[in-house]
Amino acid sequence: MAGKIYVVATPIGNLNDLTPRMKQAFEEADFIAAEDTRVSVKLLNHFDIKKPLVSYYEHNLRQKGDYIIQRVLAGETCAVCSDAGTPCISDPGEILVKQAHAAGITLVPVPGPSAVITALCVSGQDTGRFCFEGFVSTVKKQRREHLESLVHEKRTMIFYEAPHKLLNTLQDFCTYFGTDRKLTIARELTKLHEEIRLTTTGDALAYYQENPPKGEFCLVLEGYTAPPQTEDSLEDLAQKALQLIEDENMSVSEAAKKVSAGTKFSKSEVYKAVQQMKD
Ligand code: SAM
């Protein structure tokens, strides 16, 4: 009978966030697939768990994935974890989970910290609808396409960023989203120097130009809100209708219908105003 795969989240800084279920999954596993075995061994040592480790990281995903799947199909149980947080979230695991589904292997989630949700819940931004954007690519074209696609995104957006790339990303945020967009910078979450700064894109850029960024960062960006429409007066609408009559040879009735659509004035009110102007 095939074994199963535990997908185990681990703390993003504070080891007290390790839960009894995480420990149990590691203990039950025959082997642990870890992103960096040197990082995971420290966590496992801390909890006195001794298990064989298999390295499973960005550059061996396919080949190691096949190997893990074969072992699980042969009856072993695997616990997969990343260096910190939840596997598959900007971390290895996604391909293994897909391979496991294809092979009919049982997957057991062992939930826990993920920087995206940890940052969002203290961000002070709208949490009803949000989207996770991960890291912005450093490849120019992909970066531009990604940011352009978000210019009118209404949901709160959460990004991951490395400290040495933060200034560039803040610069681009100012370019694509303006300097007044609300931005929460969540730094070193659950760690000694945890910091949650609710600011704006422009102020964040100015701040980090003066104070070189250090540590791990999550950026929670306010969604787009369309600028309020200025309401046309009846006279403005009549002017617009006259323009249409002149430029597009519309009848008064057609023009009044067109310009009154979506306004607080009815077609007949605009019609009368146009007639008065004409007289
Ligand atoms: N799988 C992880 C998760 O579930 O959060 C994310 C891994 S990704 C490779 C690492 C990025 O997550 C960091 O560059 C940073 O943007 C964010 N991150 C991880 N730990 C963090 C922390 N303690 N505080 C703030 N951001 C963190």
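**Loops, strands and ligand**

Colleague: Does Asn-249, at 70% relative accessibility, count as buried or exposed?

Modeller: The relative accessibility of Asn-249 is 70%, to be set against cut-offs of under 20% for buried, over 50% for exposed and partly exposed in between (1.4 Å probe, protein chains only). This is a predicted model, with residues numbered from 1 along each chain as its sequence is written and side-chain values that use heavy atoms, hydrogens and water being left out. Local features need pLDDT of at least 70, side-chain atom pairs count only at pLDDT 80 or more, and totals for chains, interfaces and linings use all residues. By these cut-offs, Asn-249 counts as exposed.

Colleague: In the loop between which helices is Asn-249 found?

Modeller: Helices (H or I, at least four residues) and strands (E, at least two) are DSSP runs, numbered from the N terminus. Asn-249 has a positive phi near 60° and is not a glycine. Most residues other than glycine have a negative phi. The loop that holds Asn-249 lies between helix H9 (234-248) and helix H10 (252-260).

Colleague: Which positive phi does Asp-48 have, although it is not a glycine?

Modeller: Asp-48 lies in the loop between helix H2 (37-46) and S3. The residue is exposed, with a relative accessible area of 61%. Its phi is positive, at about 60°.

Colleague: How far apart in space are Gly-128 and Ser-260, C-alpha to C-alpha?

Modeller: Gly-128 sits in the loop between helix H5 (115-121) and strand S6 (130-135), where it is exposed with a relative accessible area of 71%. In sequence, 132 residues separate Gly-128 from Ser-260. From C-alpha to C-alpha, the distance in space is 34 Å.

Colleague: Is Pro-113 buried or exposed?

Modeller: Pro-113 is placed in the loop between S5 and H5. Its C-alpha is 29 Å from that of Val-151, 38 residues away in sequence. The relative accessible area of Pro-113 is 12%, so this residue is buried.

Colleague: Why is strand S1 largely enclosed by the rest of the structure, and how many of its five residues are buried?

Modeller: Strand S1 covers residues 4-8. Strand S1 is largely enclosed by the rest of the structure because of its buried residues, which number four of the five.

Colleague: Which residue is the bridge partner of Val-8 in S5?

Modeller: Two strands pair if DSSP finds at least two bridges between them. S1 is joined by three bridges to strand S4 (residues 78-81), in parallel, with Ile-5 and Cys-78 as bridge partners. S1 also runs parallel to strand S5 (residues 106-110), with five bridges. There, the partner of Val-8 is Val-110.

Colleague: At what distance does the side chain of Thr-156 reach the backbone oxygen of Asp-126?

Modeller: Thr-156 belongs to strand S7 and is buried, with a relative accessible area of 3%. A polar contact is a pair of N or O atoms within 3.5 Å; within protein, one must be able to donate a hydrogen and the other to accept it, and residues adjacent in sequence count only if both atoms are side-chain atoms. The side chain of Thr-156 reaches the backbone oxygen of Asp-126 at 2.6 Å.

Colleague: How much of the area that the ligand exposes when taken alone does the protein bury?

Modeller: A nitrogen atom of the ligand lies 2.8 Å from a polar backbone atom of Ile-89, and an oxygen atom of the ligand lies 2.9 Å from one of Thr-86. A backbone N or O atom of Leu-189 is 2.9 Å from a nitrogen atom of the ligand. Taken alone, the ligand exposes 570 Å² (Shrake-Rupley method, 1.4 Å probe; for residues, only the protein chains shown count as cover). Of that area, the protein buries 90%.

Colleague: Which strands each supply at least two residues of the shell around the ligand?

Modeller: There are 19 residues around the ligand, each with a heavy atom within 4 Å of it. Ile-89, Asp-91, Ser-114, Ala-115 and Phe-217 come nearest. The strands that each supply at least two residues of the shell are S7 (156-161) and S10 (217-221).
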